[in-house]
Structure formats: structure tokens, C-alpha cells
Amino acid sequence: MSHASRTAPRICPLCEATCGLTLTIEGTTVTGARGDRDDIFSRGFICPKGASFGGLDADPDRLRAPLVRGEDGELREASWDEAFDRIAARIPALAEAHGPQAVGVVLGNPNVHTMAGSLYPPLLLAALRTRNVFTASTLDQMPKHVSSGLLFGDANAIPVPDLDRTDHLLLIGANPLESNGSLCTAPDFPGRLRALRRRGGTLTVIDPRRTRTARLADRHVAIRPGADALLLAAMAHVLLEEKLTDPGALAEHLEGADELAVALADFTPDAVAAACDVDAATITALARELAAAPAAAVYGRIGSCTVEHGTLASWLVDVLNILTGNLDRPGGALFPLSATARAPRAAAPGKGFALGRWTSRVSGHPEAKGELPTAALAEEIETPGEGRIRALIVLAANPVLSAPDGDRLDAALAGHLDFMVSVDPYLNETSRHADVVLPPPPPSQSAHFDFAFNSFAVHNQVRYTRAPIPLEDGRMDESEIHARLILAVSGMHGAPISAVDDLAITTAITKAGAPEELADELTGRSGPERRLDLMLRLGPYGLTLERLLAHPHGIDLGPLKPRVPEILRTRSGRIELLPAPIAADLPRLRRALDDRPAPLVLVGRRHLRSNNSWMHNVVSLSGGSNVCTLQVHPDDAARLGLVDGATVRIESAGGGIEAPAEITDTVRSGVVSLPHGWGHSRPGTRMAVAAAHPGANVNQLLDGTLLDPLSGTAVLNAIPVTVTPSP
């Protein structure tokens, strides 16, 4: 058998930047990865995660066969048929006996990094008819979906900064030099920021930490954590009070401008300065600089979302872009148009966006975008009564580490479920509780298309890569895993998997009003490829899978263009500047003006060589800067008697944890910082590298009761804590 070296293109699935890679392959092993210089979007850029593609792909701890729990309570390897037989015997029976709400579904963020994870979960939810849906969105980005839904009528209409053409970029709660961007797909985000500086543009970063991104900025404002919405409201107040607003072409599409001025009247720079710990003159200067720039964009991310006023902060980001005329214009913030989006329609009023169409059973949390707060999952499992979750399907998620109060959820999974299924490549802190574990193959054996991230890309383009390595014997393609899961839970166990894709294709053609014969014209080796071909044909550019395959490094679809009013789906057909739910939440923000800050609050942080909890088992990405330490300012360390490198005790409402102290002036005084996604110390997992460097689970400091009320997003930042030397 020849093991001659060859190369193959592959889009990186390890973060939102979606960089093109060139893999070096010997036999069936990836031996190297470099940036694809011919990729039309990333142009050869690569980060440490992409460079470690081979190590992650060949991780010996990845599961290679299904696991099924035996009568002795232990998980053992089983055949695929046995695994799906078990699911088909249990899930439908539980739903029949207790109703569809007895089955819950948890979706983790790796789903949007795979074709299967994007295409099949909606079909699974439709088959189950459950409203008990929990996703990673309520741990990071739901506030942006909610604010976009309320402003524009479409929760997925999220504008992104036009990084390559802007003159002035203001980042709040974002650290793209470490995260590579979020809800803003931009390969080589660092290079794009440096290019902004080189062409004479201005970069402003608002962050309580002096991050790598902040060090690159012209101005760094070290705001008090959690005060983002107050500062943004004051900036909007300055624009309105000093008559610096100029919506430009948007003016005819706006509703509620006068009401907005009244609603923000109390948020003067002087009024918010103490709460933000940013002086009034700086706040005023930020607003004036934004208004004076030829083209500018405000971009806020997780640091401004996972706080008590996350939806208000997300709303105000777009309010500032609108008031300065920078929304929907080149160099500002625009709405991408992906190749698989629905073809543009004529502007007209839509159905709008509604919150709270149903509520959770125990605490009455309102749904947002069809999802309930992940922080409420444990109580929905453990609380007796009609509608209790008795069966759980977890798709690429690890909420024991990523959600508040993992100890409570851990106990709920262990002691209160009748049945659990996990689709996961690892036996991790959550999947170890499953009765059936279905492992997808490594990424080298999977095709890749970015359905979600192309909708947030800073440049319109389209790329697709087939699996560079054939599926290993005994493996099952992730798309087939999802399709067979859908058949198993819907009473169609044993039917051909093509039935799932055929139904999806027929439904899409009917919904689009396209001729039925279109189904016969579709090409592709698999159901997912046929579905991709259909979406490309029905999309705004009239592409086909065949044409895309002829361009292995992608097709450039041009820079972002203005799309208002086409994208608006509000009932009024206009941008609704002051939606009723936002107006109703503003008094809560006003009360925050009088809050007394806690002496010490905790914030999270990103690591370039990490992505939440699912990349800690790769040797080449462990160690170095990718460590779980509590960053403490020298003044706070001296006051509290903390020593660099010594173990400290951190306590808050949800409990206490221990971590090594890292004394550094990169975090402002009164603030400590611990990264998210650690805590790999629970028994029964099979992740040797992660277990050797377990770190502390920051979410164990939270009891899950503190949520942003509009989005149901857990408050993960600006948490009051106490820190003491460990005994």
C-alpha cells in the first residue's frame, strides 16, 4: 500500500473564521496543515488551531464505535445497528407515554461547524415536536439574535462590520485577536485590524482587560464589567443631544426616532460615568469621534452579551450604527448575503419577531427564537410533574462544563433521566451519562460547507470541500448518524436514510414554489450534497454544486452591499428603533445607575488555542498561554494577600472553586478573570490530555438564576466574587 504524500484543500472547522487549509496527507493520516494561499477568503492565513488540525483529527481518545450502556450500568462498544435499535425502542415509547415535551434536545456550538450539524437538527426537532430545546446560544449570542429580531423583524439578520473598508471601528466586549471573531466571520481578523490602522483608520476597544486586541488599539477604555449598555446609551444620548445624528438613506425606513430620544434622556455621560467608571469627557469623545468618522462601525460580542443587560447592549450597538448613518452602508455595518440564503424578495411588511410564545415549565422562562435558557435544563429534568424531561438528546454539547452550576446538572443527568443519547466524538463530562453515544468521524473524513458562518462573513463568498480522506471502516458519516437518529425517534426506524433528505428536498422545493422536476436535476454523491445543490440553485446567485466543485478554493461573490429595506421583516416594514420589549426593559437599566459596584467581579477570557471545552485534549494546543489561571491586578493581589502562582479560592453565589493566581496589570483593578470551558476532573471521561490539566470550571460559581430577561442568556460576566488564599 502506497503512503505517498499528497495535499488536499479543507476548510477549517475549528472556529468561526473558516480559513482555508492545505492538508498534507500520507496514506490516511493528516501529517500537516498550512494556510491555503489560493483560498479566496483567507488567503493563506492560519492560526494555531488550524495548524493543529492533524493532532485533533488523530486524537486517540476520539471514540471510534458507538457506546451502549449495558445492564451492569457500564458503557461498552456496540454495533451501529444495536445503538439505533436501542434508541428506536426507548425514545418513541417515552414520548408516547409522557408526551413530546418529555424529550429534551441540547445543541452545542460544534453543530454549526459541520454540514450535518447545520442540516439535520431542524428535522430532528420537527420529528420530536418538543419545545424543550436548549442551545449554546443562551450562553453567548442570543442577545444579538433578540435585538436583531426586534429591530429588523428577523433574528438572523445580524449586521457585521465592514472591516476592509471602514475608517473607524469600535469594539466592545470583543477580543478577535484571541477569538478570531464571533458573529463576524473574518479570516485573519488581526491582519484586517492592522490594515485598518495602516490606512489611517482608528481602532477603539472597550474592555476591562488590556487584551491583545486592546494593545493594538488607538484608544483602550477599561470599562467596569457589566456597564456596557450604560456607556452605549450615553453615547447615543450625546449623538441625539448634540444633533450629531445623520441616518442618511436609512431615514425613510426608521420608526420610533422621537421616542428613542425620550427613552434615553436620563443616560447622560455624567449620569453613567460612575457606574461605568469611565469619565464623562471620554464617553462624549467616543460619541463625537464615531459621528465624525467618514465611515464607522460598532461591533459588540460575548463580553457585552453575557451580562445582565446583554440584549440592551446588543440593541444599542445597532442604534449607534443607525444614528450615525453607518448601518447598511459600505465601511459601516452591513448584512451579508450568503450563497444559500433565500433569494431576495421585494420589500414588504413581515410577520415580525415575537418573544415568549411559550415558557419553560418550572420557572416560566420565556422562549427566545424557539429556545429556552440552558441554565434551566437541570430543573426541567429534576423537578417532578407533567412535562418533566425524561429523555435527552445531546448533539455536540457539553453543558456540564459550559452551563451554570454544572454540579446540579451533572446530578440531574445521573439520577433523573430515563434515557439519554449523545452525538459526540468524546466521552466527556456530559456524554459519560448517555445510554447511547454516537461518535461522528474525524473532520478529515467529512465534507465541509459553512451554512451558518457565511451568513456572518465580512465578504460574500462561497467554498465547499469534500472529505480529503475516505471514511474509515466501521465509521459512519455524521450525516447518516443524524438521519438514522431522526428515523429512529420518528417511528421510521429501518427506513432508508435517503427518505430524510428526500423529504427535506421536497419540502424546500414546495416552500420556494419551484417546479417539482428540480429534484431530478440535483447532483451530488450524497443527500447532503443534493440538498446543498438545491440551496445553491434557489439562492441569490443561482449557483450549482457542479460549479462550486470546479472552484476548490472558492468563488468570490463580491463585497457586502446595502440590503435595506429588503431584509426587513417587521410588521411595520421599517426598522423599529424602540421596540416595546426594549422600552419595557430600560427602567431596569436606569436602576443600574444607582447600583453600588461589588468590590471584586469576575469576567471570562478567550484563548487563541482553545474553543470552549472541546479542544483541551489536543497535545499541541495545551500549555503555554492556554492555561486556566485567575488573573488578578497587582493592587488587588496585595490587598488580598495573593501570591503569583499560588492557589486561590474563588467563591460566588453558585459555589467555590480553586485556581492558580496570575498577577498581571492586563486586568483592571476590581476585576479578576478566569477562562471558560475548563474543569475536566470528573470521573468516567476518556480525555487523557484534558484530565491531566483539568483546570477549574468557572461556571460552577454560578447558580443559574441570573439571566438577561429578554434573551434568557446566562450572566457569565461581571459576577461578584470573593478571592482568598487557599488554605
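Residues are counted from 1 along each chain as its sequence is written, and side-chain values rest on heavy atoms, with hydrogens and water left out. Since the model is predicted, local features need pLDDT of at least 70 and side-chain atom pairs count only at pLDDT 80 or more, while totals for chains, interfaces and linings use all residues.

The sheet is open and parallel, with 4 strands in the order β11-β10-β9-β13. Strands (E, at least two residues) and helices (H or I, at least four) are DSSP runs numbered from the N terminus, and two strands pair if DSSP finds at least two bridges between them. At the edges sit β11 (219-221) and β13 (296-300); each has a single partner strand, so one side of each has no neighbour in the sheet. Neighbouring strands are turned by 15° against each other on average, direction ignored. For angles, axes are lines fitted to C-alpha atoms (for helices, over the stretch in contact), and values run from 0 to 180 degrees between N-to-C directions.

Strand β9 (residues 168-172) pairs with β13 over 5 bridges in the parallel sense, and Leu171 has Tyr299 of β13 as its bridge partner. Helix α8 (residues 189-198) packs on the sheet, touching β9, β10 (202-206) and β13, with its direction at about 125° to that of β10. Helix α15 (residues 310-323) lies across β9 and β13 and runs at about 175° to β13. Contact here means heavy atoms within 4.5 Å.

On a 1 Å grid over the protein atoms alone, a cavity is a set of points where a 1.4 Å probe fits but cannot get out; a pocket is an open set with protein on both sides within 12 Å along at least five of seven lines; lining residues have an atom within 4 Å of a point. Grid points are joined across faces, edges and corners, and a volume is the space filled by probe spheres set on the points.

The structure holds 4 cavities of 30 Å³ or more. The largest has a volume of about 90 Å³; of its 14 lining residues, Lys144, Pro159, Val298, Tyr299 and Gly300 are the closest to its centre. Elements giving two or more residues to this lining are β8 (160-161), β13 and α15.
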